[in-house]
Amino acid sequence: MTPSPEPLIDAHAHFYHAGAGRTDWADVNAARFRAGDQMGITYHVASVLGSYGFTSPTYFPSPEDVTTGNDVMLDLCAREPDRVRMFVTVNPNYPVHALTEIDRCVARGAIGIKLLASRRADDPLLDPIADVAAARGLPVLHHIWQHRRREWPSQEISDGADLARLAERFPKANFILAHLGGGGDYMHTFPAVVDCPNIYPDLSGSGVDRGMLDAAIEALGAERLLWGCDLTMCTGLAKLRALDVIGLSARDIANIRWRNAARIFPPNSFPRATRDTRSVTGSEPA
Amino acid sequence: MIDVNTLIGPYPFRHVPHSDADVLVRVLDREGISQAWVGHLPSAFYRDPTPGNTALYTALAPLAARLRPVPAIRPDWPQWERALRDATSAGAPAIRAYPPQWGLGPHDAGLRELAIAAGELGMATLLTVRFEDLRQRHSMDSAGDLSAAAIRALARAGESVRLVVTAAGREMIEEVHWGLTVEEQRRVFWDISWIWGPPEDHLAKLFRSIGAERFVFGTQWPLRLTQTPRANLDLLPDDLHGARLAEAEQICSAARDGAGFG
């Protein structure tokens with residue numbers, strides 16, 4: 001398999017650590033890098049979700065687990081500066097801790113904020129976090145269930161409509177709507193967020209419904225979509241290959257692969273992408 | 001390569017674009033797939049699948065070199081034996097059965113009889129664990145997933161039985177496989193359409209633990225992206241790059257011969 005020379009940014013990745021309750025954590029991390037190299041991923045923009053349920057729930061992580069997970073990501077970024085970038089994970093139920101973590105981790109290189117499902121997206125408790133995101137130019141990756149019709153256990157889920165209410169309150173912040181293919185009815189998401197230009201759905205998730213990519217592009221345009229994998233890189237590769245055959249222009253494909261990410265994350269977050277593309281296409285990020 | 005898991009026709013719970021047979025042939029050409037086993041998607045939800053089978057045979061007839069019919073046969077419907085003979089006459093390599101959609105439990109005697117009879121005629125029985133992710137299903141789509149118990153019961157039904165189980169994940173595959181004798185395991189083949197690749201590497205783990213020869217190539221077109229299973233194979237770790245899936249055609253001949261293939 002020969003990857004495309006066009007840069008590729010995975011806007012939704014995760015790594016594990018020794019405190020995550022699984023003995024194969026290092027193998028899983030290594031597999032992400034292995035597959036990333038095969039696919040030509042230029043940068044993994046990743047987060048650690050506390051202890052992934054081992055010492056506090058994945059979607060309701062304790063402040064201690066949040067800090068531990070962020071420390072793991074900071075260390076990983078320091079070890080892998082050429083291919084890993086970091087979302088700082090926070091739990092908005094602990095507002096002071098959340099803002100402190102954002103300060104601490106951004107000072108050490110975090111380029112975005114990760115929100116799980118600890119609080120509904122339109123809850124006022126998220127406002128101070130969105131305020132900081134807007135002021136500092138940090139996109140917020142928010143875990144989403146595409147069309148919530150009821151409560152589900154282990155998460156306080158939000159859908160596109162919930163995130164749209166937050167995005168409307170903070171028009172200067174950018175929000176990444178997590179994993180269109182990650183469960184739920186994505187067809188509900190498109191009309192829910194179409195009028196919020198500061199919401200950028202990512203394509204990650206195990207779901208590979210035929211028609212999903214076409215519908216997303218038709219509803220939102222290629223300038224609003226980010227490529228990503230989340231927990232399944234095989235479906236990420238399948239979507240990349242599908243993008244190549246559904247009639248998109250080279251520019252649209254580049255937007256989804258990396259340009260949109262380069263535009264909404266802080267400037268110079270992805271030097272290898274911008275440098276490499278100058279050599280390939282002679283252009284800067286849109 | 002043969003794609004054992006394709007369908008034509010509309011799906012009742014969401015719009016599926018371009019699900020016609022001629023489009024499928026173009027997709028096979030694009031993806032370098034020589035042939036497909038094709039079912040009729042709406043038949044899974046018909047009380048009587050007979051008209052769906054007629055529509056399937058009619059739609060595939062002009063494309064017989066590439067598309068082979070896999071009709072749905074419901075064993076609690078009168079004259080199912082005739083439907084089975086029709087399938088043989090039409091050159092079907094397999095028949096489809098949908099126990100959850102038809103309200104048939106895991107130990108249904110009719111299903112066992114059907115799987116045995118199909119096997120004796122050289123046809124596999126193709127089962128579908130799911131059409132969609134549980135989290136996105138329509139509120140009226142209440143049949144639920146095919147159970148591992150149902151698969152085990154059919155695998156144990158008789159020597160001639162050959163099952164092709166589609167859209168299963170690692171957990172179900174392992175539960176079934178290690179719940180069967182070695183002889184029974186050889187009667188079951190799994191398509192790779194829903195198995196996770198890296199970083200969890202479920203497909204690699206399954207290849208190492210139960211063998212690549214227990215798996216066949218399947219996409220679940222038109223519901224899912226055709227590119228997914230090949231992407232999964234391309235992302236296998238280096239030690240598995242030469243792994244060979246089972247040949248779909250051999251499943252049918254093994255069923256007819258009652259042989260312990262694999």
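B:Pro222 sits in the loop between strand E8 (215-216) and helix H10 (227-234) of chain B. Helices here are DSSP runs of H or I with at least four residues, strands are E runs of at least two, and both are numbered from the N terminus. The peptide bond from B:Trp221 to B:Pro222 is cis, with omega near 10°. There is another cis bond to look at: B:Pro198 to B:Pro199, omega about 5°. B:Pro199 is in the loop between strand E7 (188-191) and helix H9 (202-210) of chain B.

A word on the model. It is predicted: local features need pLDDT of at least 70, side-chain atom pairs count only at pLDDT 80 or more, and totals for chains, interfaces and linings use all residues. Residues are numbered from 1 along each chain as its sequence is written, while chains are lettered from A and ligands numbered from 1 in the order in which they are written.

Most residues other than glycine have a negative phi, and most peptide bonds are trans. B:Ala167 is not a glycine, yet its phi is positive, about 65°. It lies in the loop between strand E6 (163-166) and helix H7 (170-177) of chain B. Buried or exposed? B:Ala167 has 24 C-beta neighbours inside 10 Å, so it counts as buried. The cut-offs: buried means 20 or more other C-beta atoms within 10 Å of the residue's own, exposed means 12 or fewer, partly exposed is in between, and C-beta atoms are placed from the backbone.

A:Asn268 also has a positive phi of about 65° without being a glycine. Its loop runs between helix H9 (250-264) and helix H10 (271-281) of chain A. With 9 C-beta neighbours inside 10 Å, A:Asn268 counts as exposed.

Now chain A as a whole. It has 10 helices and seven strands. Of its 286 residues, 52% count as buried. The C-alpha atoms fill a box of roughly 45 × 40 × 35 Å along the principal axes.

Last, the contact between the chains. How many residues does each chain give? Chain A gives 28 and chain B gives 24. Contact means C-beta atoms, placed from the backbone, within 7 Å. On the side of chain A that touches chain B, helix H1 (25-39) and helix H8 (233-243) are the elements that give two or more residues. H8(A) brings the largest share, eight residues.

Conventions
Contact = placed C-beta atoms within 7 Å.
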